[in-house]
Amino acid sequence: MTEFRLLMEEYFGPVRAASVAQDHVFGSLQGLTANQALRGGYEARQVWVAVCEAFEVPDTLRWGLPD
């Protein structure tokens, strides 16, 4: 979960990351926001993949934080 939040902040910045997680509805997560999906039992990796697909996150972040 921590890595998910860090990846979100790395890509979107802290303020926008919180907004996207709270407000953006993902069709691939059955109409849930990222926060709802995580609370509902989705794995953080699955939610991150949905974010990557919806926002065209570059491959450099899709598989984790850069070293």
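**A loop residue and its surroundings**

Mentor: Q30 is exposed, with a relative accessible area of 68%; buried means under 20% relative accessible area, exposed over 50%, and partly exposed in between, for a 1.4 Å probe and protein chains only. The model is a predicted one, in which local features need pLDDT of at least 70 and side-chain atom pairs count only at pLDDT 80 or more, while totals for chains, interfaces and linings use all residues. Residues are numbered from 1 along each chain as its sequence is written, and side-chain values use heavy atoms, with hydrogens and water left out.

Q30 lies in the loop between strand 1 (25-26) and strand 2 (32-33); here strands (E, at least two residues) and helices (H or I, at least four) are DSSP runs, numbered from the N terminus. Its phi is positive, about 60 degrees, although Q30 is not a glycine. Most residues other than glycine have a negative phi. E56, likewise not a glycine, has a positive phi near 50 degrees. E56 belongs to the loop between helix 4 and helix 5 (59-62) and, at 66% relative accessibility, counts as exposed. A positive phi near 90 degrees is also found at G13, which follows helix 1.

The C-alpha trace spans about 30 × 20 × 20 Å along its principal axes, and 36% of the 67 residues count as buried.

Inside the chain, the largest nonpolar core has 20 residues, and F4, M8, F26, W48 and V51 have the most contacts within it. Such a core is a set of buried Ala, Val, Leu, Ile, Met, Phe, Trp, Tyr and Cys residues joined through side-chain atoms within 4.5 Å. Two or more core residues come from each of helix 1 (2-12), helix 2 (14-23), helix 3 (34-39) and helix 4 (44-55), with helix 4 giving the most, six residues. Not counting residues up to four places away in sequence, F4 touches A34, L38, A44, V47, W48 and V51; contact means heavy atoms within 4.5 Å.

The buried residues of helix 1 include F4, L7, M8 and F12. Seen down the helix axis, the buried residues of helix 1 fall within an arc of 105 degrees, so they line one face of the helix; the arc is that of the directions from the axis to the C-beta atoms. Their cover includes helix 2, helix 3, helix 4 and helix 5.

N35, in helix 3, is buried at 11% relative accessibility. Its side chain is joined to that of R5 by a polar contact of 3.0 Å. A polar contact is a pair of N or O atoms within 3.5 Å; within protein, one must be able to donate a hydrogen and the other to accept it, and residues adjacent in sequence count only if both atoms are side-chain atoms. Apart from neighbours within four places in sequence, N35 is in contact with R5, A21 and Q22.
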